[in-house]
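Subject: Structure handover

Hello,

Here is the structure for your files. My notes follow below it.

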Amino acid sequence: EREWVDAFLKESDKRRRENCKLATDFFDKHHIPYLPPKGTVFIWVDFSPLLNGKITKKASIGLYWKFLDRAKLVIPEASTSLFRSDEPQYFRFIFGMRRDVLEVILLRLEKLFADF
């Protein structure tokens with residue numbers, strides 16, 4: 001049983017690191033800043049380049065709805081009551097999922113970025 005757990009944890013960590021690299025490479029390619037993750041399955045992404053200089057909670061919520069309406073993605077913004085951040089340009093991007101699903105999400109984001 002211990003061997004199975006060790007193998008599972010090793011594979012899980014490998015997949016997490018690969019997905020993290022895929023996501024951070026994507027944001028680097030599109031010049032979208034982020035806070036490097038530290039052993040987590042999410043990235044705090046700074047979507048201020050998409051806020052047209054309006055770094056307000058209202059603009060951030062508007063961007064959240066663009067993600068949802070146009071790309072069918074739920075990417076929570078940091079100023080929600082859930083996270084209570086004073087920096088509304090940050091959004092919690094989760095990359096801890098199957099790689100094929102993450103690739104679809106990144107394609108949807110790329111199409112949405114073309115509108116900005």
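Buried residues make up 33% of the 116 residues in the chain. Buried means under 20% relative accessible area, exposed means over 50%, and partly exposed lies in between (1.4 Å probe, protein chains only).

Please note that this is a predicted model: local features need pLDDT of at least 70, side-chain atom pairs count only at pLDDT 80 or more, and totals for chains, interfaces and linings use all residues. Residues are numbered from 1 along each chain as its sequence is written, and side-chain values use heavy atoms, with hydrogens and water left out.

Overall layout

The chain holds three helices and three strands. Their order from the N terminus is α-β-β-α-β-α. Helices (H or I, at least four residues) and strands (E, at least two) are DSSP runs, numbered from the N terminus. The C-alpha atoms fill a box of roughly 55 × 30 × 25 Å along the principal axes. The accessible surface of the chain is about 7600 Å², and 55% of it belongs to carbon and sulfur atoms. Areas come from the Shrake-Rupley method with a 1.4 Å probe; for residues, only the protein chains shown count as cover. Of the contacts with a separation of 6 or more, 55% are between residues 24 or more positions apart. Contact means heavy atoms within 4.5 Å.

Strand β3

F91 lies in strand β3. F91 counts as buried because its relative accessibility is 0%. Leaving aside neighbours within four places in sequence, its contacts include I43, W44, V45, F47, L63, F67 and I75. I75 is 16 residues from F91 along the chain, and their C-alpha atoms are separated by 6.3 Å.

Strand β2

What about charge in the interior? D46 sits in strand β2 (residues 42–46). D46 is buried yet has no salt bridge. A salt bridge here is a side-chain nitrogen of Lys or Arg within 4 Å of a carboxyl oxygen of Asp or Glu. The nearest side chain of opposite charge is K66, 15 Å away. For charge, Lys and Arg count as positive and Asp and Glu as negative; His and the chain ends are not counted. Beyond four places in sequence, D46 touches I32, P33, Y34, Q89 and Y90.

Loops

Most residues other than glycine have a negative phi. H31 has a positive phi, near 55°. H31 is in the loop between α1 and β1 (34–35), and is exposed at 67% relative accessible area. N52 also has a positive phi, about 50°, and is not a glycine. N52 is in the loop between β2 and α2, and is exposed at 62%.

S85 is in the loop between α2 (57–71) and β3 (90–94). S85 counts as partly exposed because its relative accessibility is 25%. Not counting residues up to four places away, S85 touches A78 and S79.

Surface

W4 is in helix α1 (residues 2–29). W4 is exposed, at 58% relative accessibility. With F8 and L9, W4 makes a nonpolar surface patch of about 370 Å². Patches are made of residues with over 30% relative accessible area and no salt bridge: like charges are joined within 9 Å, nonpolar side chains (Val, Leu, Ile, Met, Phe, Trp, Tyr) within 5 Å.

Best wishes
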